[in-house]
Structure formats: C-alpha cells, structure tokens
Amino acid sequence: MNAPRLTAEPVALSRTAGGRTLPQLLRDNAREMPGTVAIRSKRAGLWRGTGWAALYEAVLRTAAGLDAMGLEAGQTLCLVSENREEAWIVQMAAISLGAVAVSVYPDASADELAYVLDHARAVFVLAEDQEQVDKVLAGEAAPRVRRILYIEPNGLWTYADPRLTPLSKVAGDPAGIEARIEAARQSDIAAYCYTSGTTGKPKAAMLDHAFILDNAYRLMGALGIRAGGRYLSYISPAWAAEQFFGVGLPLLAPLVLHFAEKPETVQTDLREIGPDFLMFTPRQWEMQASDVEARMMDAGPWRQRLYHWGLAKGHERVAGKGGLWRRAVIWPLADQLVLKGVRDLLGLTRARAVLSGGSGLSAELFARFRAFGVPLGNLYGSSELGLVATHRPGDTRPETLGRLMPSDPTLAEPIEAWVDETGQLRLKGLAFSGYLDNPEASAEMGDGAQGYETGDAVRLDETGELIFLDRAKDLRRLSTGATYPPTFLENHLRAHAMIRDAIVIGGAAHDRVVALINIDMEIAGRFAERNGLAFGTFSELSQLAPVREEIARAVAHVNELVDPGARITGFANLPKELDADEEELTRSRKLRRGAIEAKYAPLIEGLYAGAQSVPLEIDVTYQDGRKSRLKAEVAMNRTGEAPR
C-alpha cells in the first residue's frame with residue numbers, strides 16, 4: 001500500500017518573483033518606491049533610515065568599486081561580519097556582478113574561516129574589524145585572497161598588507177552595472193551556505209536566485225507577510241535561513257530590514273523596533289526564556305506570585321479553558337498586569353509571527369511563549385531544500401512542525417511530502433542546485449523526480465501537519481531492543497531553565513540511557529546565591545548537591561514523557577561549559593556528539609559502571625588560544641536517588 005502524501009495548498013499573492021533576480025527586485029523597488037525606507041540601522045544610539053533609491057545607488061557604486069578591483073562573475077566574495085547594513089550592501093553588490101557570496105559566522109575560528117576561504121575559492125573578503133582581519137591573515141588560505149576589505153578601521157592603521165582596503169573607499173562609477181544586473185538569470189548561483197558539519201566537514205549548498213526568492217514567497221504565503229513589516233536581521237547570513245529572511249524576503253515583500261547597533265544591544269534594540277516578524281534559533285528562544293526566569297528569581301515574593309498567576313492564566317487562554325467571566329475579565333486582567341510586561345521585556349509587543357528553526361524547541365517552551373501572548377511557531381527546513389513547513393498564525397500545537405508551505409507558482413510546483421519505507425520524510429516540488437565540488441553528496445540527496453531524501457524521521461499527522469521524531473540515523477536502539485529518540489529527550493531537558501545543553505547517550509552496547517548535562521551558569525548561579533550556597537568556579541557550581549537535585553527533578557519530568565525502556569537512568573553535570581571554540585558545538589550551537597562523547601568518555605563509563613564520582617582531566621582552550629588543564633571530581637547521579 002502506498003504511503004499517504006501531503007501536498008501544500010497554493011496561496012495566491014500579488015507579489016511574486018516574476019522571473020527576476022535579487023538585484024533586479026532591488027532595482028524595481030527603487031523605481032517604484034524610491035523614498036520608502038528599506039533599511040534602518042542603529043549607530044551611536046540613533047536609528048537611521050535608508051530609502052530604496054539610496055540603497056540601490058549604494059549597491060551600484062559598491063559593485064562598481066568591486067568591479068574596478070577585479071571581482072569577476074563566478075568568483076567568490078566571503079563575508080565575515082556581524083549582521084550590519086554595510087555587509088548586506090557588499091553581498092548585494094557582489095551578486096550584482098554575478099559573483100557568489102558566502103558568509104562565515106563571526107565567531108568562527110581562524111581554521112574554520114580558512115576552510116571556507118579555501119573550499120569556496122574566495123578571492124575577496126569583507127572583514128568587519130581587526131579581529132576578523134587577523135583571522136583572515138592567520139589562515140593558510142590567506143595567500144589566495146586578492147583583496148581584504150574592512151568596515152571598522154580601529155587598530156588597522158599600522159597593518160602593511162597591500163591587500164587591505166577600507167570599505168569606505170570601495171566605490172566607483174555605476175555606469176554599466178545596471179546592464180549586468182539586467183543580463184542575470186534566476187538560475188545563477190547567488191550564495192553558498194555551509195551545512196553545520198555535525199558529522200564531518202561542512203558542505204556548501206549552492207543557492208540560486210530562484211531558490212532564495214521561492215523561500216521568501218513561502219514565508220509570505222504561510223505567515224501572511226505583507227509590505228512594510230519590520231524585521232530584525234540577527235541570525236547570521238551564514239545560515240541559509242537568513243538568506244531567505246534577511247535578503248530575499250525584504251526585497252520581495254518588501255519589508256523594512258533592521259540592523260542592531262551591536263550584538264550586545266540586540267535585546268534593547270529589539271524593544272525599540274517592536275518587529276512584526278522575527279526568526280531565532282531554539283538556543284536564542286531558550287536564552288530569552290531563561291532571562292525572564294532569571295529576572296523573576298530576583299523579584300520579590302509577591303511579584304513572583306503575580307507572575308506565576310499571570311502565566312497560568314495565559315496557559316488557560318491558549319487552551320481556551322474558561323467561561324465568559326474568564327474571557328472577559330480574568331484573562332485581559334492577567335494580560336495587562338503581567339503578560340504585556342513580559343512581551344515588552346522581550347521586545348515582542350507587536351509581533352505577528354515569530355519563528356524557531358534550526359533544531360527542535362521543546363513543547364514546554366513553545367507553550368510558555370504562547371502563554372506570554374507571543375505567537376511563536378516552529379519552522380522546518382534545511383540549507384539544501386529550503387523552508388518546508390511552519391505553523392500558521394493561530395496554530396497552537398507545539399508537538400508539530402506545522403503545515404507545508406506554499407510555493408511561488410512562477411518558480412516551483414507545490415511541495416509534496418510523504419514518508420518512505422525506511423521511515424524518513426521525502427519531498428518533491430523543491431529545487432536543489434547541489435553541493436559545491438561534491439557530486440557524490442549531491443547524488444545522495446536523491447532527485448526532484450523521485451523525491452529528495454531529508455534523512456529525518458517524521459510522522460505525517462492526519463490534520464496535515466508534520467511531527468518530527470528525530471534524524472532517521474539518530475534513532476537509537478539499546479541492547480535490550482528498546483529504542484529511544486535522543487533529540488526529543490534533549491529538547492525537553494533544555495526546556496528547564498537551569499539546563500543549557502544536554503546530550504543523551506546509549507546504543508547497542510548499552511542496556512540503558514544516560515545523559516551529560518551542561519548547566520546554565522547564570523540561572524544556576526542565581527539559584528545558588530538565593531539559597532546561600534558558596535561556589536567559586538563553574539566546576540564547583542555544577543557539582544553542588546542542590547543544583548544536582550534541580551537537574552534530577554528535570555530529568556524525572558522528562559522521563560514521564562517516554563516509555564520506561566527509553567528513560568534516562570543517570571546523569572552527570574559537566575564541569576565546564578560546552579564551547580564551539582573547542583569543537584564541542586557547531587557555530588549554530590548544535591551538539592557535536594562524537595567529539596563530546598570522546599572527550600567525556602570517563603564520565604560516560606562512570607555512569608554505566610555505577611560509580612559515585614569520577615575524576616576528570618581535560619584540556620581547555622580559551623578564546624585567545626591559551627590552553628590549560630581542568631581537573632574536577634564529577635558526581636554520578638542516578639535518577640530516583642537523592643544526589644550525594
């Protein structure tokens with residue numbers, strides 16, 4: 001019997017790509033609404049707006065400058081910068097010349113940056129400041145780079161490398177650039193986006209203009225996005241999702257694209273913007289929730305009671321459990337006294353649709369934000385295949401990924417989804433241009449005719465929604481024959497405010513499941529201070545018995561959600577924070593399971609051996625490259641027992 005199939009329902013919008021490329025859309029916006037604000041950036045505490053005509057002129061002049069320096073069609077320009085207006089303009093200028101843009105996470109190490117520069121064969125680099133310039137110059141691929149542009153000049157006055165050029169001097173006569181923009185095609189590659197590399201070296205997915213704009217249309221059709229909405233560009237454009245949200249969507253909708261002053265001011269800037277639409281990773285939503293919890297831990301008893309009362313009423317409102325009195329009086333009162341203030345703290349008082357994507361967000365956190373009155377939804381997709389499914393405004397089922405998204409009819413057929421005989425999700429109606437210089441990996445994805453392989457174990461709900469179980473290859477089977485979903489357990493563990501990261505362990509050689517926990521230092525530290533507990537380091541804090549008791553309660557709660565054979569039987573709190581600089585996490589903060597399990601093998605062995613504690617010695621690398629040796633006695637905790 002054939003597996004049931006879902007097909008996305010079409011949505012007709014007045015704005016479509018209509019055969020245009022990204023720069024062609026920018027050109028048309030400049031002609032149709034020259035004075036309308038396109039970008040707002042904050043500098044020295046003040047917001048400054050740039051209209052479409054002025055933005056287009058800046059892109060043309062920058063493109064002319066890059067052209068004069070020798071950047072050619074088909075070549076690669078790499079950007080290593082925080083999200084800011086200058087980087088957006090340089091990317092669009094490079095694409096206008098027919099070059100390809102590739103972004104790198106600004107906190108990437110010199111080695112990670114060197115890998116991208118080498119693999120993508122980058123000949124130009126835009127570096128934000130001295131820190132990023134130093135990383136470019138330190139890498140083995142640096143000699144291949146012909147030009148190194150920089151935005152911030154501080155600290156670079158004495159650098160003698162002739163390739164260094166301030167971005168302020170990159171400008172030229174735009175005559176002839178518009179003709180090159182007009183000659184471009186939607187099938188031209190606009191950007192490379194590297195995968196997370198959780199199981200090996202990252203692969204570069206090639207994104208063409210049509211692909212980026214089709215994904216922008218999917219967002220507009222699914223979320224009801226219309227012209228003039230406010231969007232904060234915060235997630236790095238190294239992540240494919242930001243190419244859709246921060247590049248394609250502002251051009252197609254169009255939206256007003258906002259750039260924060262600097263990463264440290266994002267929360268303040270978010271409150272000033274009051275965005276209509278926002279995209280964060282699950283880690284960022286978890287940090288937002290932790291910030292609210294941390295503030296409430298510092299509040300007085302009566303404010304804490306008021307907060308928990310208001311949150312409970314918010315949950316009632318979402319569930320629709322209440323009569324006329326609650327709907328007309330109690331719920332509005334709770335919103336005015338508590339929930340509106342929380343939304344203001346988060347900067348989401350005017351949010352119409354905000355999304356979590358990249359990995360799973362626990363149902364508990366999803367429900368909490370909904371109780372706050374924040375219309376948070378899940379988003380499912382990948383760098384290779386783009387955005388596939390999301391919650392619509394009004395959808396309230398946190399256990400699902402939402403429904404299939406509508407495609408731009410000028411670019412693609414409706415998305416079709418089904419689960420194959422291996423249990424993984426397959427998709428049709430999506431374009432995939434392949435991986436750069438990796439035809440084998442491209443072939444493994446399947447093809448558009450037979451359906452692309454996602455590698456995800458997904459269930460298709462009878463209501464037309466997708467329910468994510470785990471990566472198909474990550475579903476684990478124990479020696480007892482029992483199976484368990486590690487991602488599901490980890491997502492629910494991270495919903496606890498005191499848990500920042502969790503990795504669940506157990507395989508064919510094990511008869512039970514154990515876990516390694518990375519506590520949230522800020523939340524755990526405030527908990528310790530409030531309870532009069534002394535500690536000096538993260539290592540000491542992680543091993544305090546009351547802290548381990550809190551983690552034990554979180555583990556017990558998660559265990560109630562799965563079958564007995566899949567429950568976590570023991571855990572250990574890591575004596576240091578997991579760090580991307582030590583290759584324990586990817587730059588998008590996904591777990592590198594192999595590296596973590598190898599590094600903390602003594603703790604895993606101790607959990608399975610039933611030890612009371614395990615001495616651990618590991619190397620620690622600091623951001624400046626210094627190394628030291630961490631020594632700690634780590635307690636082994638068994639669920640159902642009070643920590644010793």
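1. Before we look at anything, here is a cut-off to keep handy: a residue is called exposed when its relative accessible area is over 50%, buried when that area is under 20%, and partly exposed in between. Take A44 as a test case: its relative accessible area is 74%, so A44 is exposed. Also, please remember while reading that this is a predicted model.

2. Let's stay with A44 for a moment. A44 sits in the loop between β2 (37-43) and β3 (46-51). Its backbone has a positive phi of about 55°, although A44 is not a glycine. Where else does a residue have a positive phi of about 55° although it is not a glycine? Have a look at R121. You will find R121 in the loop between α4 (110-119) and β6 (122-127). With a relative accessible area of 47%, R121 counts as partly exposed, because the exposed label needs over 50%.

3. Now step back to the whole chain. Its secondary structure comes to 20 helices and 30 strands. The C-alpha trace spans about 75 × 65 × 60 Å along the principal axes. For 644 residues, a compact globule would have a radius of gyration near 26 Å, and the chain's 25 Å agrees with that. Of those 644 residues, 57% count as buried.

4. How does the chain connect to itself? Take contacts between residues at least 6 apart in sequence: 66% of them join residues at least 24 apart.

5. Next, the rings. A pair of aromatic rings is described by the distance of the centres and the angle of the planes. A search of the whole structure turns up nine aromatic pairs. One of them is F211 with F244, an edge-to-face pair with 5.7 Å centre to centre and 75° between the planes. F211 belongs to helix α7 (residues 209-223) and F244 to helix α8 (residues 240-252), so this pair ties together parts that are 33 residues apart in sequence. Are these two residues buried or exposed? F211 is buried at a relative accessible area of 4%, and F244 is buried at 1%.

6. F432 lies in the loop between β19 (424-428) and α14 (439-444), while Y452 is in strand β21 (residues 451-460), so the pair ties together parts that are 20 residues apart in sequence. Both F432 and Y452 are buried. Elsewhere, ring pairs link Y234, F280, W285, F369 and F372 into a cluster.

7. A253 and P254 are joined by a cis peptide bond, with omega about -10°. P254 lies in the loop between α8 and β12 (256-259).

8. Compare a few helix residues. Q91, in helix α3 (residues 85-96), counts as buried at 5% relative accessibility. Leaving aside residues up to four places away in sequence, Q91 touches L79, A101, S103, Q243 and V247. W302, in helix α11 (residues 301-319), has a relative accessible area of 56%, so W302 is exposed. From W302 to L466 the C-alpha atoms are separated by 42 Å, and the two residues are 164 residues apart along the chain.

9. S542 is in helix α17 (residues 538-542), and it is buried with a relative accessible area of 0%. What does S542 touch, not counting residues up to four places away in sequence? The list is I519, V547, R548, N573, L574 and P575. R326, by contrast, is 43 Å from S542, C-alpha to C-alpha, and 216 residues apart in sequence.

Terms used
Residues numbered from 1 in each chain as written. Predicted model: local features only at pLDDT ≥ 70, side-chain atom pairs only at ≥ 80, totals over all residues. Heavy atoms only, no water. Helix = DSSP H or I, 4+ residues; strand = E, 2+ residues; numbered from the N terminus. Buried < 20%, exposed > 50% of the residue type's maximum accessible area, 1.4 Å probe, protein only. Contact = heavy atoms within 4.5 Å. Rg over C-alpha atoms; globule rule 2.2 N^0.38 Å. Phe/Tyr/Trp six-rings, centres within 6.5 Å; stacked < 30°, edge-to-face > 60°.
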